[in-house]
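Let's go through this one together, one feature at a time. Have a look at it first.

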Amino acid sequence: MLEGALVRLRPVEEKDLGLLEQWGRSREGLWGSYQRFQLDHLPMLVSAFRENGLLSRDFAILLIEDVSDESIVGFVRYTLLRFPDADLPYPEIGYGVPDDANRGRGVATEATRLLVEYLFAGYPCERIAAFADVENVPSQRVLEKLGFEHEGTLRRATFRDGAWRDLAVYSLLRNRKEGSQP
């Protein structure tokens with residue numbers, strides 16, 4: 001378990017599958033207006049949970065638990081990307097805080113910081129990547145607070161609300177972690 005002042009990250013447990021389903025039921029559930037579709041792939045998620053607990057070297061989903069009351073307030077995840085060099089994959093991360101009451105308190109920032117520290121400590125990678133809808137300014141702020149730099153824009157890279165949308169590409173290099181010198 002990874003723990004900070006506000007949150008701890010923990011693996012998904014059997015009892016949490018209902019919460020994941022609940023988050024996916026509504027359009028505003030997990031990603032709010034940036035959700036491109038409902039969690040209609042829940043059977044695949046449950047199958048992956050049965051196979052490896054949603055926790056493997058190449059992919060993981062961890063729940064964000066509020067340390068004050070142990071409630072689940074969101075998730076972080078990573079996937080090893082094998083592009084452009086399949087021999088040297090690097091993590092691509094994501095996060096979600098579905099309840100407006102938990103947004104703006106710093107839980108996504110702290111949870112993402114904990115995940116980034118874990119990934120740099122446990123993987124021989126030089127970079128961690130993240131994507132954010134160009135209209136999702138709060139998500140971009142989380143990344144920028146942690147020292148991620150905007151690398152560019154993937155134009156018309158995702159389909160949401162009946163239209164193609166752009167994604168901002170961010171990265172954090174090992175030697176540029178928050179508070180470090182270039």
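Q: What does "buried" mean here, and what counts as a strand?
A: Buried means under 20% relative accessible area, exposed means over 50%, and partly exposed is in between, using a 1.4 Å probe and protein chains only. Strands (E, at least two residues) and helices (H or I, at least four) are DSSP runs, numbered from the N terminus. A word on the source: this is a predicted model, where local features need pLDDT of at least 70, side-chain atom pairs count only at pLDDT 80 or more, and totals for chains, interfaces and linings use all residues. Residues are numbered from 1 along each chain as its sequence is written, and side-chain values use heavy atoms, leaving out hydrogens and water.

Q: How many residues of strand β5 are buried?
A: Seven of the seven in β5 (residues 90–96) are buried, so the strand is largely enclosed by the rest of the structure. Y90, E92, G94 and G96 cover one side, with P91, I93 and Y95 on the other, and all are buried.

Q: Which way does strand β4 run relative to β5?
A: Two strands pair if DSSP finds at least two bridges between them. Strand β4 (residues 72–81) is antiparallel to β5, joined by seven bridges, and F75 has G96 as its bridge partner in β5.

Q: And how many bridges join β5 to β6?
A: Two, and β5 and β6 (residues 127–133) run parallel. Here I93 stands opposite A130 in β6.
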